[in-house]
Structures are given as structure tokens and as C-alpha cells.
Amino acid sequence: MRFSPVQIALHDDQRDLGTAGTAILVRTLARLFPPGGTILDVGGGSGWAVPLLRAAGVVPILLDISPDMLAAAARRTVPRIQADLTRLPFRTAALAGIHASYALQNVADWRAAIHESARVLLPGGIAVVAWGSVPTDELLRDVSAHYLNLVRPWSGVEAERRGLDSTDVADATFAACGFDVLRPVSVTGNQIRTPRQIVERVAANPFRARPPAKARAAALTDTLGWTRARYGDLDLSREVTIQHVMHVYRRLDPPGTG
Ligand SMILES: C[S@@+](CC[C@H](N)C(=O)[O-])C[C@H]1O[C@@H](n2cnc3c(N)ncnc32)[C@H](O)[C@@H]1O
């Protein structure tokens, strides 16, 4: 997958939970993962989570398929692996943890992604998976819905990803792979952003829709006009609430016997 530097910057922006939210996220990761454990950040992108995992006291390795994301992650000075998350280049029972933030759902064969996560984890190993949540912020929710409706004919991987209709399905698949399904953890953060920044960010996201450039530009213009009519000045900063929901799974069975 190819990404421009602007797309990567806008993509990373959506993860920003602000100072307080980020501190809570670090404390949460420290509680979930075993201290000092090697954690594979699958589909880790440009390395947004790397400093947070380090601050949480674990040792991250970043895996992604995109050369552009891996190039952007070079600034994190983290071990980087270019590989497909449905075929992890690790031996069975090698890792203390998997961190997957908005990644496993971005492949058509999401079942293979879960099976691979199960295979490489040690017994007792932890998988922390953000499957994606419904935006709690009204502006974010409205802008996403409006833009995605306009580009519906060019839907992204969601159209190919059959069967992953809810996180219950994901939980059941992890359970069938020998995992205890623990209680999900939600971290809320705040950003100060303008409506224009939010619209541009939504339109730059290639995962939910991949319209050709002309259709994307038309949908962006339409969404900016619609947002101005509904929310007023596009360049007036406001607080935007971001919710990061992590599903947590603990490996139970000795690998190979589950
Ligand atoms: C929505 S981004 C999330 C990135 C990062 N985890 C985050 O939270 O910002 C999804 C990432 O998955 C990667 N990806 C998509 N398909 C993949 C595959 N088959 N194997 C490995 N990575 C993949 C993309 O390149 C992208 O970096």
C-alpha cells in the first residue's frame, strides 16, 4: 500500500489523545502488557504507538506491509519488519504481546490475522486490539458519515472483509483460537481542531474508501460546504473528543494444542 507524507501525517493526527489521554493510555498499556516483554505492533504504520509502548515499559517491534509507513517509522529507531500480518515471520510462541491498532480489520482475511496473532504468542501472552469505535464526537461522526456516503461506490477493504460484522465476532474468533476474552478498555482524549482539519483528515483516510482523485476532490468540497452550513466557521477551533477502545485477549492454551 502506498501513502503520501500528507496522508501519513493526517492519519497519525487521528490517534492524538492529547496530553492527559496519552498519559492514561501509557498507564493502561503498562497494566496490560508484561513488563519488559517483546510486543509486536502489527500493522503499526508510521510508529504512532512506539513511544507509548516504550513509555509503558515494553520492547516494541513494528511490522507493516507498506514501504511508505515503514519509511516514516524510521524516525522511531525501532526494529521494523516489512511483512504481511496474515503471515507473521515469527516462530510459534515467540512473543509476549501483540499490539494491533486499527490494523487486523484492514485485511480481507481477518481470520488469518487472528490465527497468526494466536500462533506467535506465548501462553499467557496478551493481544491488545483496537477494532475501531463509533466516533463519540458529533462533528467527527457527522463529517465521516457525510463524506463516506458520497464516496460509497469506492468503498475500501470493508467491502472485501466478509463476516467481521461486530467485535462480538472478533471476540468469538479469538476465543476459538484459545484466548480468554478480557474486558475491553476505553481511553478518551481531547484534541483542539478546526472543522476543516477534521474534514481533510476524514477525506485522506484510504482505508474506508478509495475514490479516484476527481471523485475524492468533489466529495471533499461537498463535505466542506455541508460542514460549514451545519457547524459554521470552518476555521474556528473547537474541542474534539477521541475514543480509543482496546479489546484485550489472553492466550490460554499451549500453542499447538488449542
Ligand atoms: C489504519 S492503519 C493503522 C496504523 C497504526 N497501527 C495506527 O494505529 O495508527 C493500518 C495499517 O495496516 C497496514 N496494513 C494493511 N494491510 C496490511 C497487511 N496485510 N500486513 C501488514 N500491515 C498491513 C497499513 O499499511 C497501515 O499502516
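The legends below describe close-up views of one predicted model, starting from the whole chain.

Residues are numbered from 1 along each chain as its sequence is written. Because this is a predicted model, local features need pLDDT of at least 70 and side-chain atom pairs count only at pLDDT 80 or more, while totals for chains, interfaces and linings use all residues.

**View 1. The whole chain.**
The chain holds nine helices and eight strands. Helices (H or I, at least four residues) and strands (E, at least two) are DSSP runs, numbered from the N terminus. The C-alpha atoms fill a box of roughly 60 × 35 × 35 Å along the principal axes. For 258 residues, a compact globule would have a radius of gyration near 18 Å, and the chain agrees with its 18 Å. The radius of gyration is taken over C-alpha atoms, and the globule rule is 2.2 Å times the number of residues to the power 0.38. Buried residues account for 37% of the 258. A residue is buried if 20 or more other C-beta atoms lie within 10 Å of its own, exposed if 12 or fewer, and partly exposed in between, with C-beta atoms placed from the backbone. Of the contacts with a separation of 6 or more, 75% link residues 24 or more positions apart. Two residues are in contact if their C-beta atoms, placed from the backbone, lie within 7 Å.

**View 2. Strand 5 and its two partners.**
Strand 5 covers residues 121-130. Seven of its 10 residues are buried, so the strand is largely enclosed by the rest of the structure. Strand 4 (residues 95-101) pairs with strand 5 in the parallel sense, over six bridges. Strands pair if DSSP finds at least two bridges between them. On this side, Ala100 has Val129 of strand 5 as its bridge partner. Strand 8 (residues 238-251) runs antiparallel to strand 5, joined by four bridges. Here Ala127 is bridged to Tyr249 of strand 8. Strand 4, helix 5 (residues 110-120) and strand 5 form a right-handed β-α-β unit. A crossover is right-handed if, with the strands pointing away from the viewer, the path from the first strand over the helix to the second runs clockwise.

**View 3. Strand 1 between strands 2 and 4.**
Strand 1 (residues 38-42) is mostly covered, with four of its five residues buried. Strand 2 (residues 59-64) runs parallel to strand 1, and five bridges join the two. Strand 4 also pairs with strand 1 in the parallel sense, over three bridges.

**View 4. The largest nonpolar core.**
This core has 62 residues. A nonpolar core is a set of buried Ala, Val, Leu, Ile, Met, Phe, Trp, Tyr and Cys residues joined through C-beta atoms within 7 Å. Phe33, Leu53, Leu104, Ala127 and Val129 touch the most other members. Strand 5 gives the most to this core: six residues. Beyond its neighbours within four places in sequence, Phe33 is in contact with Ile39, Ala56, Val58, Ala96, Gly97 and Ile126.

**View 5. Helix 8 and its surroundings.**
Helix 8 spans residues 195-204. Its buried residues are Pro195, Ile198, Val199, Arg201, Val202 and Ala203. They pack against helix 1 (5-13), helix 6 (138-150), strand 7 (185-193), helix 9 (213-231) and strand 8. An α-helix has 3.6 residues a turn, so residues three or four places apart point the same way.

**View 6. Two positive phi values in loops.**
Thr77 is not a glycine, yet its phi is positive, near 40°. The residue lies in the loop between helix 4 (67-72) and strand 3 (80-82). Is Thr77 buried or exposed? Thr77 is exposed, with 9 other C-beta atoms within 10 Å. Ala93, also not a glycine, has a positive phi of about 55°. Ala93 sits in the loop between strand 3 and strand 4. With 15 C-beta neighbours inside 10 Å, Ala93 counts as partly exposed.

Tyr102 lies in the loop between strand 4 and helix 5. The residue is partly exposed, with 19 other C-beta atoms within 10 Å. Tyr102 and Ala130 are 28 residues apart in sequence, but their C-alpha atoms are 5.4 Å apart. Leaving aside neighbours within four places in sequence, Tyr102 is in contact with Ala130 and Gly132.
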